[in-house]
Amino acid sequence: MTFDNRVVWITGASSGIGEALARGLLQQGALVILSGRRAEALQALAALAPQRCLVLPFETTDYAALAGLVEQAWAWQGHIDCLVNNAGISQRSLALDTRFEVYRQLMEVDYLAPVALTQALLPRMTARGSGQLAVVSSVAGKVGAPLRTGYCGAKHAVIGYFEALRAEVEQAHGISVSVILPGSVRTGVATNALGGAGQRRGRSDVNIDNGMPAEEAA
Ligand SMILES: NC(=O)c1ccc[n+]([C@@H]2O[C@H](COP(=O)([O-])OP(=O)(O)OC[C@H]3O[C@@H](n4cnc5c(N)ncnc54)[C@H](OP(=O)(O)O)[C@@H]3O)[C@@H](O)[C@H]2O)c1
């Protein structure tokens with residue numbers, strides 16, 4: 001597959017897998033829309049190829065902003081070939097120690113946000129009759145893992161939405177749907193994970209530190 005001049009929108013491009021994916025796609029000639037909350041990190045990445053990047057920072061759960069963001073992203077090159085719903089947040093806390101608000105936040109970021117962005121973009125892709133929608137779920141979307149009851153729930157849910165969507169849009173509208181389930185990848189995911197009270201964990205763990213490099217995952 002060649003990515004020459006393909007327009008790819010990546011959420012969570014400010015670090016980890018999303019950043020590595022953006023770097024790899026830029027090397028292969030893609031035009032990349034970089035999203036995440038940290039505008040400075042996205043701008044630093046865009047400096048690699050300023051003519052081929054659009055920096056579009058946003059909080060993925062700011063649903064009211066999505067229509068305007070999709071408009072801006074689409075207008076940049078007049079179309080979008082591929083959306084990679086990669087932004088996400090993990091969890092490291094026992095169910096016994098986890099507040100309900102943490103479950104709500106994990107569902108918002110890891111399930112509802114990719115659904116909302118995909119729903120906002122989908123009508124343009126179907127009208128064009130082509131496009132690729134991707135989501136980064138996790139092995140935790142297929143099997144239960146301790147300290148991740150909320151993360152596993154949300155990552156299972158997002159697989160359900162995208163697999164059902166594929167059944168609706170692949171044949172009927174020429175839109176392909178890719179569901180990606182990484183195992184452990186060496187990124188800040190464990191450090192950025194939520195604890196039981198919603199706090200940032202602030203330290204990594206051995207599984208992640210021994211995981212595959214983000215470039216390889218990308
Ligand atoms: N690393 C692994 O072992 C592993 C395994 C399986 C699946 N995954 C999945 O891979 C994806 C990428 O994670 P990673 O490992 O690269 O971790 P990471 O380095 O922590 O990256 C997470 C990315 O998501 C963005 N993000 C998080 N919450 C956001 C929000 N509310 N609004 C906007 N952007 C948000 C972050 O951007 P800002 O900080 O700029 O907001 C960051 O760019 C996630 O969906 C994760 O669940 C990772």
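Is F162 buried or exposed? In this predicted model, F162 has 0% relative accessibility, so it counts as buried. Y161 comes out at 15%, and since anything under 20% is taken as buried, Y161 goes into that class too.

These two residues also turn up together as a ring pair. The structure holds two aromatic pairs. In the one formed by Y161 and F162, the ring centres sit 4.9 Å apart and the planes meet at 85°, so this pair is edge-to-face; the cut-off for that label is an angle over 60 degrees.

Next come the helices. Helix 3 covers residues 66-77 and helix 4 covers residues 100-128; their axes come within 9 Å and cross at roughly 40°. The two helices are therefore oblique to each other, and their crossing is right-handed. On the helix 3 side, the contact is made by L66, V70, E71 and W74. Helix 4 brings in A116, L117, A120, L121, R124, M125 and R128.

With a relative accessibility of 14%, T60 counts as buried, because the limit is 20%. Leaving aside residues up to four places away in sequence, T60 touches A87, V109 and A113.

Technical notes. Residues numbered from 1 in each chain as written. Predicted model: local features only at pLDDT ≥ 70, side-chain atom pairs only at ≥ 80, totals over all residues. Heavy atoms only, no water. Axes fitted to C-alpha atoms, helices over the stretch in contact; angles between N-to-C directions. Helix = DSSP H or I, 4+ residues; strand = E, 2+ residues; numbered from the N terminus. Parallel < 35°, antiparallel > 145°, perpendicular 65-115°, else oblique. Left-handed = near helix turned anticlockwise from the far one by under 90°. Contact = heavy atoms within 4.5 Å. Phe/Tyr/Trp six-rings, centres within 6.5 Å; stacked < 30°, edge-to-face > 60°. Buried < 20%, exposed > 50% of the residue type's maximum accessible area, 1.4 Å probe, protein only.
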